[in-house]
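Open the model in your viewer and keep the selection tool at hand. The stops below go one by one, each with something to select and something to look at.

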Amino acid sequence: MARSYFRPNVEAMTGYVPGEQPAAGAKVVKLNTNENPYPPSPEVIEAARRAADETLRLYPDPTARCLREAASRAYGFPAEWIVAGNGSDELLAMLVRACVSEGEPVAYPVPTYSLYRTLVRAQGARAVEIPWAEGYGIPEGLASAGARLVFLCRPNAPTGTMVPADAVRALARSLDCVLCVDEAYVDFADSEDDTCLELVREFDNVVVLRTLSKSFSLAGARVGLGFAKPALVNELLKVKDSYNLNRMSLAVGTAALDDIDHMRENAARIRKTRARLAERLAELGFDVLPSQANFVFARIGHPTRREPQGRSRGRTKARELYEALKARGILVRYFDQEDVREGLRITVGADAEVDALLDALNDIHHQDTKSAKND
Ligand SMILES: *Cc1c(COP(=O)(O)O)cnc(C)c1O
C-alpha cells in the first residue's frame, strides 16, 4: 500500500463542521449559527465603503494597530495587551500552536465549542474532556489535569450557561498553564460587567478572547480580539499569519469598536427576545437551559408523541424536530454528539424570526398530536 501523505493525527480526525450557510437569497429563517439579526453600525458600512478603494493593492498593517487602538479605547487596556485575530477562531489556533507540543494535554469542560477538539487534534495534542460539574460549574478535574492549556467558554456554547467570574479566578490561580477564557458571547450576559477581562491584569497566564462576530454583527468580517499581559501577547504574535486581518476587516472592526453603543443597544434587544423565546419554549414543553448568550439550548423535555422509552429517544426527537423545522424553512442547530443530541441550539433572532419559529413548533406539535390520535 502507498505510504500516506498526511500526519496520522490529521488522517484520524474529522474537521470542524460549521453550521450550514444557505445560498445567498434563499428564503430561510436562519437561527443556526448565532449571527446577529441586526445590522452593524452605519459607521461600519461607511468605513467599509471608504476602505474599498485602490489602497487594496497594498498589504494591510500586520500589527492591526488602528484596530488594537480602538479596542484599547473601548476596553481600557493598552494596545500592547491586545492581539487581533482573523476571528477569535484564529486566536484559539494561535494559542494551541504557541502553548502545546505534540502529545501534550489540553483540557476543557464539555459539552463546549467543538472547535477546541479539532484544533487539539490537528496539533497532535491530547484532548482531556471533562464533563461540567453539576449545574454547569467548573469541574474538579480541570485544575489537576496537568494540561498545557485550558479552554473555558464563558458563556458556554452550546448550553448558554456561564460560570461565575470568581470561580474562574480560583481556576486561574490553581493552574500552571495558560487559561483561555473564551468570551465570544459575554456581551449578551444579563450583567454588562460580568466579564473576566480584569483577570488579565491579575494573572500572567490568563487570556480573554472576544469576537466582533456575534454582538457587533460582524461574522462576515472575521475580527477577534485577545487580551493578555504583553509577555503572553508577544508569544502569540510569533505564530500568527503575518497579515492575518485584511484591510477591509481592520477598517470595519475599528469603526465597530468606536461605536460600541450600537452593539450594546442590539445586545439589549436580543436579551429581551431571549427571555420571551425561553418562556414560550418552556410553555411548549422544552427544558430550556438558562442562557446568557444569543442562543438557547432547548432539550426535548416532555415528548409530544408516545414512543417506546429508550436511550435514543431524545436523539431521535431532536433530530426529527430539526428536520421538521428545516422542512418549514427554519434552520436551527442540531449536534449529533453524545452529550448534546437531546436538544437543539436556537439562535435568538429578530422578533419576527422567533415568532416564525414558535409558529412552526406549534404547527409541528399539532400535527404530532393528530397523528398520535390516529395511531
Ligand atoms: C463564534 C465563536 C467563536 C469565534 O468566532 P469568530 O467568528 O471566529 O470570531 C469563538 N468561540 C465561540 C465559543 C464561538 O461561539
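## A serine in a loop

Select Ser291: its side chain reaches the backbone oxygen of Phe295 at 2.6 Å. Ser291 sits in the loop between strand 9 and strand 10. Helices (H or I, at least four residues) and strands (E, at least two) are DSSP runs, numbered from the N terminus. Is Ser291 buried or exposed? Ser291 is buried, at a relative accessible area of 10%. Here buried means under 20% relative accessible area, exposed means over 50%, and partly exposed is in between (1.4 Å probe, protein chains only).

A word on what you are viewing. This is a predicted model, where local features need pLDDT of at least 70, side-chain atom pairs count only at pLDDT 80 or more, and totals for chains, interfaces and linings use all residues. Residues are numbered from 1 along each chain as its sequence is written, and side-chain values use heavy atoms, with hydrogens and water left out.

## The strands beside that loop

Now select Asp287 and Arg299. Their side chains meet in a salt bridge, 3.1 Å from N to O. Asp287 belongs to strand 9 (residues 286-288) and Arg299 to strand 10 (residues 295-300), so the pair ties together parts that are twelve residues apart in sequence. Asp287 is partly exposed, with 36% relative accessible area. A salt bridge is a side-chain nitrogen of Lys or Arg within 4 Å of a carboxyl oxygen of Asp or Glu.

How many salt bridges does the structure hold? The count is 30. Select Lys326 and Glu20 for one of them: the side chains meet at 3.0 Å, N to O. Lys326 is in helix 11 (residues 313-327), while Glu20 is in the loop between helix 1 and strand 1 (29-30), so this pair ties together parts 306 residues apart in sequence. Lys326 is partly exposed at 36% relative accessible area. Glu20 is partly exposed too, at 31%.

Next, select Glu235 and Lys238. This salt bridge is 3.0 Å, N to O. Both residues lie in helix 8 (residues 230-238), three residues apart, about one turn of the helix. Glu235 is partly exposed at 40% relative accessible area, whereas Lys238 is exposed at 61%.

For a group, select Arg154, Glu183, Asp187, Asp194 and Arg210. Salt bridges link them in a network.

## The ligand

Show the ligand and the residues around it: Gly87, Ser88, Asp89, Tyr113, Cys153, Asp182, Ala184, Tyr185, Thr211, Ser213, Lys214 and Arg222.

- Asp182: a side-chain N or O atom is 2.6 Å from a nitrogen atom of the ligand.
- Tyr185: a polar side-chain atom lies 2.6 Å from an oxygen atom of the ligand.
- Thr211: a side-chain N or O atom is 2.5 Å from an oxygen atom of the ligand.

Taken alone, the ligand exposes 380 Å², and the protein buries 94% of that. Accessible areas come from the Shrake-Rupley method with a 1.4 Å probe; for residues, only the protein chains shown count as cover.

## A lysine in strand 1

Select Lys30, which lies in strand 1. Lys30 is buried, with 19% relative accessible area. Its side chain makes a polar contact with the side chain of Thr33 at 2.6 Å. Another polar contact, of 3.3 Å, joins the side chains of Lys30 and Gln21.

## Last stop

Select Ile138, in the loop between strand 4 (126-131) and strand 5 (149-153). Ile138 is partly exposed, at 22% relative accessibility.

Key:
Near = heavy atom within 4 Å. Polar contact = N/O pair within 3.5 Å; in protein donor to acceptor, adjacent residues only side chain to side chain.
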